[in-house]
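Here are some short notes to read alongside the model. Please keep the structure open as you go.

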Amino acid sequence: MKHPQLTLALISLTMGLAAARLQADSQVFQIGLFDGQNGDFEQESDAYNTPGYYTEPGDYSATQGNYGFGEDYPGPGAEILQDGPNGTVDPGDPGSAHNWSLSPNGFPRALAPGRPVLDVFFQLSATEAASGALLLETDLFGLGANSFHDLIFYINNVPFHRQLNVRGTTPLKLTIPRNQPGVLFNTGANVLSVRRSGGGLVDAAGPNNPWIQFDALRLTAEVAAPQELIWQIGSPDNGTAEFEQESGAFNNPQYYLAAGDYSTVRGQAGLGGSHAGPDAEIWQDAGGDSAASLEGFPRALVPGRPAVDIYFQLTAQQAQQNHLSFRTILFALGANGSHDVRAYLNGTPIAVGLGITGPLQVETLIPRRGVLAAGMGPEFLTGKNVLSLVRTGGGPVDPLGVDNPWIQFDFLSLATAAAPQTGQRVEAYQTVFSVGNYDSAAGEFEQESGAFNNPSFYADAGDYSLREGKAGFGVNWAGPEPEIWQDGPSGTWADSNDGFPRALIKQDWGRPIIDVFFQADAGALDGPYLFTTKLFGLGPDSSHDLEFYINGIPFYTQAAVNKETYVTALLPAGSVEAGGNVISQVRTGGLNTDTAWIQFDQVELITRSTTTAPLPAFSITELTRSGAGAVTLTWESEDGARYDLKASSALESGWATIAPDIAGTAGTTTYTDSAVPANTTRRFYKVARTR
């Protein structure tokens, strides 16, 4: 039988169970050995080798890598890895251990500022070029002490992956899907490139050793893409030149990847529009003339343009997937800036980042609603969908420094995804309530007057008559939908007392409190719960003392607020109860001028559920015994996993670990127990996966 963490078997003294594995993948090249050493490579110096390496003969003179064009390489085989065998002494230099200076051939062992690029030229057959994807495997290791590194990977000079902030040994398995924008797999000559695009010192006072080395590189073709790229905006190239400036004069906060009428689809900046297509909206107005139209993808999130909504289509098959994968890199922050950033899919958060002060690589596995927990996660809709990114807060890291509150995108992509990998942490979110849009405007709310609305707002139907907020007890609110934000789109505020007040105002004007009543599911009580709002549009010369409560328990206090303010707060553990709850927002004091108001841009409460993917099932596939001596076991395994081998003479007891922490390999792992006691006729084995 199969078990996710262990498998056991009784040895057979007469025969073993044979297992065969079919291998359809085609190895294009492997350079070096995956052995944690770089002795098979050559030093990374222009005096010893070139940044171009040739894995097999071919004319690469028309093939452009990231460093430059290749050459017509005659072969007959691959270029040598190193001039001379390891340890060979150059007769002209008795103290040398390597013949590196004999020729410009050889594979550079590292990337460094003086040699930041490596081009690997290779051939693909027609069958390999038709692959759904290529798979690149490498181990980055042997970093210079005190250094960290940013890398960009290219196929035929098109960037397909950017790896940030490498600080230690980092194994990489990079899938290159053939439908990534600009990517071509050529029958014949191709080039894989790696560039060290940046990095620095962990400690400015420490030694400067800015190199990062390769253990080996392997490229495999004829592999099935483990994911389908649904869309990609921009390139992972450490730049924003393909995007448009983040100004309302140059583009909209809505971006369209597929034709369709999205006017009924609400993103975080508001409703969408209609995009005729047939192609995706342009990334930037041609020639860099940003003002030519309102099309284009904004390159950044800023307070005046805090949200971008990406409208796209899913096929029925894509919408039935259990998981999608969203990737982006947030980088090029304004000096001295700090940022809270959130991503949403169809109105439900999928990723939350708080206090971002440097480049951030985001790779989020998105479980479809209900896959992780009931009610948690977004819906995947056949047809029209919207993915939103929002700067929900932040500010100057140093209040006395320069305030440049922008955070930019390197690229963005969405793909289908397989189930989570072993031990992978997966998060799903639920929007408990959300009022307003991230648009730096209060037009969707109602005027803060007792003639137009109440100080109580109902986000969910429920009986709140026994739940007391700061303005008083709630009512039994029938619903079934949330209370409206405003009476009619025309601003006819006096139609009813429904609606969400747009501001908190001073006490003698009578509306210093807003109570938001909501429901919480018993299954989501573990939380955590994150409350956010943006307060802006203050009356001139006004200041405000604010206190926020959950069921009467304070969770946020701020005095003398006199400018745009972001509130991001985790609610106290146990403060949210199953059933009805109330969050109260109160202006307790401040300057009581005639302009003593402070308005809301958006008010939101979300919760999160987290799980770790279980260890996959596996089995012992073969047991063989050599005469009366050693027993050899083979079991299904994964590269990078760890296993303990246990043995016993009885199934019920007496288990002892005979081989701890065995490193797993891709496919199967084999181990020989050479210490089988003499005359043993019955012996049980158990393999347990530890990570």
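How do the residues of the lining of the second largest pocket divide into nonpolar, polar and charged?

1. The model is predicted. In the lining of the second largest pocket, 13 residues are nonpolar, 12 are polar and eight are charged.

2. Now the pocket itself. The second largest pocket has a volume of about 820 Å³. Its lining is made up of 33 residues. Strand 17 (266-267), strand 28 (425-436) and strand 35 (513-520) are the elements that each give two or more residues to this lining. Strand 28 supplies the largest share, seven residues.

3. To find the centre of the second largest pocket, look for Gly347, Thr431, Val432, Phe433 and Ser434. These lining residues lie nearest that centre.

4. Next, the interior. In soluble globular proteins, nonpolar side chains tend to be buried together. The largest nonpolar core here has 34 residues. Phe29, Phe107 and Phe214 have the most contacts inside this core.

5. Strand 13 spans 212-223. Other elements giving two or more residues include strand 2 (26-31), strand 7 (117-124) and strand 12 (188-201).

6. Phe107 deserves a look of its own. Leaving aside residues up to four places away in sequence, Phe107 touches Ile31, Phe41, Glu42, Asn49, Tyr53, Ile80, Leu81, Leu118, Val120, Phe214 and Leu217. One of these, Phe214, is also among the residues with the most contacts inside the core.

7. There is a second, separate core. This core has 33 residues, including Ala442, Phe518, Phe531 and Phe548.

How values were computed:
Residues are numbered from 1 along each chain as its sequence is written. This is a predicted model: local features need pLDDT of at least 70, side-chain atom pairs count only at pLDDT 80 or more; totals for chains, interfaces and linings use all residues. Side-chain values use heavy atoms; hydrogens and water are left out. On a 1 Å grid over the protein atoms alone, a cavity is a set of points where a 1.4 Å probe fits but cannot get out, and a pocket is an open set with protein on both sides within 12 Å along at least five of seven lines; lining residues have an atom within 4 Å of a point. Grid points are joined across faces, edges and corners, and a volume is the space filled by probe spheres set on the points. Helices (H or I, at least four residues) and strands (E, at least two) are DSSP runs, numbered from the N terminus. Ala, Val, Leu, Ile, Met, Phe, Trp, Tyr, Cys and Pro count as nonpolar, Asp, Glu, Lys and Arg as charged, and the others, Gly among them, as polar. A nonpolar core is a set of buried Ala, Val, Leu, Ile, Met, Phe, Trp, Tyr and Cys residues joined through side-chain atoms within 4.5 Å. Buried means under 20% relative accessible area, exposed over 50%, partly exposed in between (1.4 Å probe, protein chains only). Contact means heavy atoms within 4.5 Å.
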